[in-house]
Amino acid sequence: MVSDRVAGASGQRGTSGIYGPFRMAYAGLIAALWLVQTSGRLVLFWQAGTGTGPLAVLLHFALAFSLLCMLGLILTLLGAGRRFEAVRVTLAVVLLAAVHTILTLFDIYQAIFINLTGNPAPTLIIFRATPLALSLLDNIGISPLRLAAAVLLVFGVHILLYWPLGGLLMRLSRRLARIRVRIGALRVSGRVGLAAASVGTYAAVGMVPLGVRGGEPVLEGLRPVFQIAPPELLAAARAPGRSHRPTIRKPAPAASRPLVLIVVDALRRDRMGVYNDELTNTPFLSSLDAQGKLHKFDGYATCTFSFCGIMSILASRSWNDFGTRPDTLVDLLAAHSYDIRLVLAGQHASFGGLTTLLGGPITSISDQPSGTQPNDWRAIDTLETLQVPDPRRTFLYMHLMSTHAGSFIHPDFRVTPDDSGMVGAYLFSPSGKSDYRRIYDLRVRQADEIIRRAFEVLARKGLFEDALVIITADHGQRTSEGGLLYHGGEADPPTLAVPLLLYDARDRAYPARDPASLIDVAPTFAEAIDLPAAAGWRGVALQRTAQRQAVPVGTSESTGIVWGEGNRALLYLCNRDTGRERLTPLRTGGLATAPELLQRARRLHQVAAAPVREAACRM
């Protein structure tokens, strides 16, 4: 009874004396804060190049209106009656603080992600793969404990922000509940009106086609915004029930020898000691190179995501000509009685259904459970237990994740706060971002150690004698170039530069290749056992001399080529929507842009990246 009277007095003071003007002014300030924060969110996404336009702005404010109507409805329910007023006030404050906290955390999360990658973040990763999302934050120095402390701090600040408005909220809720609107012969209460406005507005927004409402922050965040492969290929992966019959024709019996493919996800060539003398983070690979046991090529990825990168390796094709389900190296080798053994760190089956496109039949596959943190050390444990009845007719594909953000890193290969002095500091600092290379270089060091251990296991299982081993990556990684980290989006030099290392126990000679591409890997394995390449493969075996000057590059944003000519290497891109062209040097030195150079790039592009059906490329 006392608390009810106090709360009632508090509600009355909200309309008299200094409390009335103060609270009304404070409420106006909170409303202005919502407006500024909403506008800032739209500006943030517009700067990220999501195409935020008038419709996206309208949709976002419509969603905000729907949310406010739903909050108003809940407040009217909390405001019903007079008993336990203090509890009702507290619940109202906590509710508003919680909703505003979620929005604020969304804005912070998107601001960080856009700052690091240049793209909005797919918020669904938080719900679908929570451990992976936490490990991604841990990769940049934000541990789960720090994250929890930050969330609680933001929530506490919002509770303090709304606490002075508790009494005013109750008065407002009761006024809303008493509202009656006459629509013809029908009288609608305030609660029904709020519910109808909230649900109706939300449903109306949901009816806008997905392709039209792009750029609206909430809808952008609630769906994957990255195009990881061509739509036709992704559609084929989602329909595994449709049987695929490889078009491979089995000729005379092929030769046999162990074949091993090691793909290190997001491994960038020039951040490896075996390619860069200024670094010492690949002692094992560098020792093999020093002994003359490695054939080393400057490799180039065909795209910037793992899905299309892995398929480029196995199917010897690129973005523009994958089709729906291309014949793969796995298909070819399985047709010639090879045992196919896959040891995969990460989650390939849940990554767009990638495993349904790898080919087969596959003898054994080890993939890590969806939502777990990728762990190369577990992959080595799996390799230890792998049964290999006939090493000479075994193809082993290992996929490692040490250099990919979010994967497990052994403490021996971590940058500690004491060592770095900058954990988390590079989120917005350009100079701090460059320190991310220290984290990345240590990840490369772990990958080198994993490969060393893999070689030891291969030798014990008879997979090393007379073997051909190819070590490469599905794509590269940005380490602050252009102010960005990680990979994805339009191709650029850091995301394309991948290693291409061959260990051939037969010690045969390999001609120089510039540029070399991921599409050359499958033909190289086929050549090693005297098999012709499958129909539709675009690459050239590294054992042969390639009469070509360019290799294809493609993403959802652009199509292009890597073009090598003498000592010059260029990246040519043509935007798929606008036809705008760009030439980027891939090696140090200036670039003299001339009409003749662009004309030559266009001609090479039509040959190397065909078919090209997008907007005509222009200056």
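Six bridges join strand β4 (residues 295-300) to strand β11, and the two run antiparallel. Strands here are DSSP runs of E with at least two residues, while helices are runs of H or I with at least four residues, and both are numbered from the N terminus. Two strands are said to pair if DSSP finds at least two bridges between them. The model is a predicted one, in which local features need pLDDT of at least 70 and side-chain atom pairs count only at pLDDT 80 or more, whereas totals for chains, interfaces and linings use all residues. Residues are numbered from 1 along each chain as its sequence is written, and side-chain values use heavy atoms, with hydrogens and water left out.

A residue counts as buried under 20% relative accessible area, as exposed over 50%, and as partly exposed in between, using a 1.4 Å probe and protein chains only. By this rule eight of the eight residues of β11 (residues 497-504) are buried, so the strand is largely enclosed by the rest of the structure. In a regular strand the side chains alternate between the two faces of the sheet. In β11, A497, P499, L501 and Y503 point one way, V498, L500, L502 and D504 point the other way, and all are buried.

These strands belong to an open sheet of eight strands with mixed pairing, in the order β6-β5-β7-β3-β8-β11-β4-β12. At the edges stand β6 (364-366) and β12 (516-517), each with a single partner strand, so one side of each is left without a neighbour in the sheet. The partner of β12 is β4, and these two pair in the parallel sense over two bridges.

A second open sheet has four strands in the order β13-β14-β15-β16, and its pairing is antiparallel. Its edge strands are β13 (550-554) and β16 (581-585), each of which pairs on one side only. Neighbouring strands of this sheet are turned by 20° against each other on average, direction ignored. Axes are lines fitted to C-alpha atoms, for helices over the stretch in contact, and angles run from 0 to 180 degrees between N-to-C directions. Within the sheet, β14 (residues 558-565) and β15 (residues 568-575) run antiparallel and are joined by eight bridges; W563 has L570 of β15 as its bridge partner. Helix α21 (residues 595-608) packs on the sheet, touching β13, β14, β15 and β16, and its direction makes about 110° with that of β14. Contact means heavy atoms within 4.5 Å.

Attention now turns to the helices. Two packed helices are described by the angle between their axes and the distance between the axes. The axes of helix α3 (residues 54-78) and helix α4 (residues 85-117) come within 10 Å and cross at roughly 165°. Angles under 35 degrees count as roughly parallel, over 145 as roughly antiparallel, 65 to 115 as roughly perpendicular and the rest as oblique. Helices α3 and α4 are therefore roughly antiparallel to each other. The contact is made by L67, L71, I74, L75, L77 and L78 of α3 and by R88, L91, A92, L95, L96, V99 and L103 of α4. Helix α4 also meets helix α8 (residues 166-178), where the axes come within 9 Å and cross at roughly 95°. That makes α4 roughly perpendicular to α8. Residues in this contact include R88, A92 and L96 of α4 and L169 and M170 of α8.

N320 lies in the loop between α13 (306-315) and α14 (329-335), and N320 is buried, with a relative accessible area of 11%. N320 and P552 are 232 residues apart in sequence and 8.7 Å apart in space, C-alpha to C-alpha.

Finally, the protein as a whole comes to 21 helices and 16 strands. Of its 619 residues, 53% count as buried.
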